[in-house]
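Subject: Structure handover

Hello,

Here is the structure we discussed. Please look it over with the notes below.

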Amino acid sequence: MDRQECSFTFPELDPKTDAVEIVCNIDDMTGEQLGHVIDALLAKNALDVSCIPILMKKGRPAYQLVCLAKPADAHRLALEVIRGTTTNGVRFRPCHRLIMEVESYVALTSLGSVRVKRATGHGAVHIKPEADDIVKIADQLDLPFHEVQRTVIKEVFESSSETNI
């Protein structure tokens, strides 16, 4: 079988919760170029993508690109990484994940309506207001971003007046 047509499977992974990291090191692309690759991978259903600054042999600055994919999408996204970057190959790292349940809703606060994501599980609750909504309110009320964010998070924890999206 042609190596380029070879498909990888990860039967040991739970397709509902687990993932595969697709990893490569890149020392000859700009941040703007990598930003385009990140956006393209996310548009093609990558779960997450990051670029980490690293130092390679002979002191060369580089980036480590990490694309998190569902097991069924790993091969397809790996081919996108190879096509979209200057890397000569990628590594696959199967990952077992512990994830929280996430819900999205609109919270009604004293400052206005804000889209919020709430993650719960494993003894934790995380509240994350949508940054675009925080910016909009901060600009409208001429308040610092961090003050609007702090107020929204506090009120969301205390309030029961959310409407599910």
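The crossing of α3 and α4 is right-handed (left-handed would have the near helix turned anticlockwise from the far one by less than a right angle; right-handed is clockwise). This is a predicted model, in which local features need pLDDT of at least 70 and side-chain atom pairs pLDDT 80 or more, while totals for chains, interfaces and linings use all residues. Residues are numbered from 1 along each chain as its sequence is written, and side-chain values use heavy atoms, without hydrogens and water.

The helix pair

α3 and α4 pack at about 115°, and their axes are 9 Å apart. Axes are lines fitted to C-alpha atoms, for helices over the stretch in contact, with angles from 0 to 180 degrees between N-to-C directions. Helices (H or I, at least four residues) and strands (E, at least two) are DSSP runs, numbered from the N terminus. From α3, the contact (heavy atoms within 4.5 Å) takes Ala131, Ile134, Val135, Ile137 and Ala138. α4 supplies Phe145, Val148, Gln149 and Val152. By class, that is 8 nonpolar residues, 1 polar and no charged.

Between these helices, α3 (131-141) and α4 (145-158), a loop holds aspartate 142. Aspartate 142 has a positive phi of about 55°, though it is not a glycine. Most residues other than glycine have a negative phi. Aspartate 142 counts as exposed because its relative accessibility is 70% (buried is under 20% relative accessible area, exposed over 50%, partly exposed in between; 1.4 Å probe, protein chains only).

Histidine 122 is not a glycine either, yet has a positive phi of about 60°. Histidine 122 sits in the loop between β6 (112-121) and β7 (124-129). At 54% relative accessibility, histidine 122 counts as exposed.

The cores

Which residues touch the most other members of the largest nonpolar core? Of its 20 residues, they are Ile22, Leu41, Val49, Leu65, Cys67 and Leu77. A nonpolar core is a set of buried Ala, Val, Leu, Ile, Met, Phe, Trp, Tyr and Cys residues joined through side-chain atoms within 4.5 Å. β1 (19-26), α1 (31-43), β3 (61-69) and α2 (74-84) each give two or more residues to this core. Another core, of 11 residues, lies apart from it and includes Ile127, Ile134, Ala138 and Val152.

Ahead of β1

Proline 15 lies in the segment before β1. Its relative accessibility is 60%, so proline 15 counts as exposed. The C-alpha atoms of proline 15 and histidine 96 are 10.0 Å apart, with 81 residues separating the two along the chain.

Best wishes

Technical notes
Ala, Val, Leu, Ile, Met, Phe, Trp, Tyr, Cys and Pro count as nonpolar, Asp, Glu, Lys and Arg as charged, and the others, Gly among them, as polar.
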